[in-house]
Each structure stands twice: as C-alpha cells, then as structure tokens.
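Me: I am new to this structure and would like to go through its sheet step by step. Please show it first.

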Amino acid sequence: MEEPLIPVVLMSHTAHIRSHRKPRPRSSSTLAMRAGVAGGVLSTLAVAGASGSANAAEPVTQTIELPTLTADLTAQVAESAEVTQQAAADYELRAERDAAAAKAAKQAKADLAEAKKKAEAKEKAEAARKAAAERATRSAERTTLTSTSTSADSDVPAPASGSVGTVINFLKAQVGDAYVMGATGPNAWDCSSLVQAAFRQVGVDLPRVSQDQSVAGTPVSLSNIQVGDILYWGGAGSAYHTGVYIGNGQYLDAANPSKGVVIQDLSGYPASGAVRVL
C-alpha cells in the first residue's frame, strides 16, 4: 500500500525567524480615517466618470471672455499706434522748424557779410573822393602860386625862367602830407626828403640829408633871401632841419609828426641861415 504524498511548501529562509517588532494596535480613528479616504476616492472617481460621460456627450463651446479680451487688446494696439504716429508727426515738425531756423541763420549771416562789404566799399569810395578833392585843391593852388609869389616879393630879384615857381608849386601840393622820419613820399616825408624832391622837379640834384643840404648852394644872408632859397636850422654843415622860403615872410617844411607838411611864419621860428641853388 502506497504512502500518501505530503505537500511541501517552500518558505523563505527568514520565515522561521520571528520579527522582533511588536504589532502596533490600530486605533478606531485610524481605521475610520482610512475608510473615509477610500470612500472619498471612490466618490471622486464616480463623479469624474459621470462628468466624462457628460462631456463626451456634449460639445465644448467658446467662452465669452475671449471676445472681450480681444476687443480690449485691439483698442490698446490702436491707441498705441495713434500715439506713435503723433510722436512721429511732432518729430517731423520739429525737424522742419530746426531746418528753417538754420536756413534763416545762414541767410542772416550772408546778409550781414554783404552789408559789411558794401559799407567797406562805401568808405573806400568816400576816401577816394576826399583824396580827389584834395588833389584838385592843390592843383588850383599851383595855378595861382607863381603870380602871388611875384607880387609879394616885387622888391626881390626873381631867378631866371620859371623854375622857382615849379619848386613852390610842388611843395604846396604836399601840404597836409604826413611827417615820417626817413620817408621819401609820395604821401609822407621828412624835412630833407621833401626839399630834395622839390628841387628834383627842376633838375637840381640835392643831397639827401639836412646837414649836406645846408652847404649845397651859395650862402645868402637872411636879410637877402628870396623865394626858392633853402633855409636851415643849426650850423652850416651840421643843420638838423631844412625848409624852403616861399615869400611873404613864410616858409614851407615837413615840420614834425604832429604837424606834418605845413606853411609857417618865419618870425615864429627864425632860421639859422640860407643857401641858394637856383
């Protein structure tokens, strides 16, 4: 008779070891909470299922907030565009004003320069007119000089020919010119350069300086001087100033920087001596 088989159950190698942990007693409140949570989960699943079924049955519709938001956004964009356009227009207007101001300033500068140029031209023309009038006056004096000198000095023998008149005419034509030491004309002179230039008009070549001019001709006494004689101040050969006697107790010279070329009375500044070269 066969022996009955005994089923063998495999166990873990630790199954026979008792756990040292003590089973924790579960309180009634814990059990109740777990039961509540499980019930809540089941309820949620049920509601979700019902909702899913309802949603599957009904189509999704568009919300009413989207059109409202879209309209507001459109208004904001339009307002922003209007502000930008206004700013651009203001900038363009300012640019035009600035350009107009710059153009006006440039034109004003050009007008000022033109006015200044015209004023300078007018001043030059006036100066030229005055100079021409002075030359005309001097020319008129030249035409009457010879006869006046002759009548004023009728008791003094006149030199041959009209050479003295030519010298005096030249000298009187320079009245009003400036005195400048070392200058030789035509608008500025010193004393000896004026005398030299006057006698050069009639072919007499005099020395340049007053010291040499004081001994260049025939010495004459001051009581016997006549028109055209050279007067000097200082010693003969060391004179410091020269002029020319023009008759009627007067002489003409380039006096000094303050007077220039003038006619003066011999009595006010008597000469030291005289020489005659004509």
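Reply: Two strands pair if DSSP finds at least two bridges between them. This is a predicted model, and in it Tyr245 stands opposite Tyr251 in β6.

Me: What is the order of the strands in the open sheet?
Reply: The sheet has six strands and antiparallel pairing. β3 (218-220) and β7 (260-265) each have a single partner strand, so one side of each lacks a neighbour in the sheet. From one strand to the next the twist averages 35°. The order is β3-β8-β4-β5-β6-β7.

Me: Which residue stands opposite Gln250 in β6?
Reply: Strand β5 (residues 241-247) and strand β6 (residues 250-256) are antiparallel and share three bridges. They form a hairpin with two residues between them, and Asn248 in that turn has a positive phi of about 60°. The residue opposite Gln250 is Gly247.

Me: How many bridges join β4 to β5?
Reply: These two strands run antiparallel. Trp233 stands opposite His241 in β5. The number of bridges joining β4 to β5 is four.

Me: At about what angle does helix α4 run to β5?
Reply: Helix α3 (residues 163-173) packs on the sheet, touching β5, β6 and β7, and its direction makes about 115° with that of β5. Helix α4 (residues 191-200) lies across β4 (230-233), β5, β6 and β7. Its angle to β5 is about 45°.

Me: How many of the seven residues of β5 are buried?
Reply: A residue counts as buried when its relative accessible area is under 20%. β5 is largely enclosed by the rest of the structure, because the buried residues number seven of the seven.

Note on methods. Residues numbered from 1 in each chain as written. Predicted model: local features only at pLDDT ≥ 70, side-chain atom pairs only at ≥ 80, totals over all residues. Heavy atoms only, no water. Axes fitted to C-alpha atoms, helices over the stretch in contact; angles between N-to-C directions. Contact = heavy atoms within 4.5 Å. Buried < 20%, exposed > 50% of the residue type's maximum accessible area, 1.4 Å probe, protein only.
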